[in-house]
Amino acid sequence: MLHTKQLFRKVISIGLCAAIGFTALGFGQAGKAEAATVTKADKVISTGKNYLGVKYRFGAPSGVTYAFDCSSFTQYIFKKNGITLPRSSSLQATKGVKVAKANLKKGDLVFFKDPGRAGRIGHVAVYIGNNKMLGASGKAVKISSMGSSYWSKHYVSARRVIKNYA
């Protein structure tokens, strides 16, 4: 009888330890799977969101973070994530692959005309999903709706510069 109780306790202990061990392995795998789903676009957007509220200044120099204009902002956050872009919005509009507005994905560059310059590209921002964009305009780096009357009226095109988009 005593031998049966000891055997029973050992079996229960081993089973409990195995259950805890397999559960821990499962949690470890879940963390790895989650990390694998972070895309280059997510990283670019996350980098950009770190600068929300930084003041806008037309002609802000490349590489500084105390102020941005639209294209110095996109150039900076993409460079921080290994993608080199030219300094001006009009030159950035020649990079990557053209994307239809209906096919925008997070991380795509979106371009707008400058009403004072005969329809030339005058603004760039990063599409972040749900018809929203992240960029430097007005007074600061901010998130704006592409559906606003101003932005929808001035939209020109979009480009995908993130290769092997995941």
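Which residue in β4 is the bridge partner of Val126? Leu134 is, and that pairing is a handy way into the sheet of this protein.

## What we are looking at

This is a predicted model, with local features needing pLDDT of at least 70, side-chain atom pairs counting only at pLDDT 80 or more, and totals for chains, interfaces and linings using all residues. Residues are numbered from 1 along each chain as its sequence is written, and side-chain values use heavy atoms, with hydrogens and water left out.

The protein has five helices and six strands, where helices (H or I, at least four residues) and strands (E, at least two) are DSSP runs numbered from the N terminus. Read from the N terminus, the order of elements is α-α-α-α-β-β-β-β-β-α-β. Of the 166 residues, 38% are buried; buried means under 20% relative accessible area, exposed over 50%, and partly exposed in between, with a 1.4 Å probe and protein chains only. As for contacts (heavy atoms within 4.5 Å), take those with a separation of 6 or more: 54% of them are between residues 24 or more positions apart.

## The sheet

The six strands make an open sheet in the order β1-β6-β2-β3-β4-β5, with antiparallel pairing. Two strands count as paired if DSSP finds at least two bridges between them. β1 (97–98) and β5 (140–145) sit at the edges with a single partner strand each, so one side of each has no neighbour in the sheet. Helix α3 packs on this sheet and touches β2, β3, β4 and β5, and its direction makes about 45° with that of β3. That angle is taken between N-to-C directions on a scale from 0 to 180 degrees, using axes fitted to C-alpha atoms, for helices over the stretch in contact.

Now for the individual pairs. β2 (residues 109–113) and β6 (residues 155–160) run antiparallel and are joined by four bridges; here Leu109 stands opposite Arg159 in β6. β2 is also joined to β3 by five bridges, again antiparallel, with Lys113 opposite Ile121 in β3. β3 itself is mostly covered, as eight of its nine residues are buried. β3 and β4 then pair in the antiparallel sense over three bridges. Their hairpin has two residues between the strands, and in it Asn130 takes a positive phi near 55°.

## The largest pocket

The largest pocket has a volume of about 390 Å³. The search runs on a 1 Å grid over the protein atoms alone: a cavity is a set of points where a 1.4 Å probe fits but cannot get out, while a pocket is an open set with protein on both sides within 12 Å along at least five of seven lines, and lining residues have an atom within 4 Å of a point. Grid points are joined across faces, edges and corners, and the volume is the space filled by probe spheres set on the points.

There are 23 lining residues, and the closest to the centre are Phe58, Cys70, Ser89, Gly122 and His123. At least two lining residues come from each of α3 (70–79), α4 (89–92), β3 (121–129), β4 (132–137) and α5 (149–154). β3 gives the largest share, three residues. By type, the lining divides into eight nonpolar, nine polar and six charged, with Ala, Val, Leu, Ile, Met, Phe, Trp, Tyr, Cys and Pro counted as nonpolar, Asp, Glu, Lys and Arg as charged, and the others, Gly among them, as polar.

## A few residues up close

Gln92, in helix α4, is buried at 0% relative accessibility. Leaving out residues up to four places away in sequence, the residues that Gln92 touches include Ser71, Leu109, Val124 and Arg159. Ser71 belongs to helix α3 and is buried too, with a relative accessible area of 5%.

Beyond its neighbours within four places in sequence, Lys132 is in contact with Val126, Tyr127, Ile143, Ser144 and Met146. Lastly, Ala41 in helix α2 (residues 40–49) is buried, with a relative accessible area of 1%. Ala41 and Asn81 are 40 residues apart in sequence and 9.1 Å apart in space, C-alpha to C-alpha.
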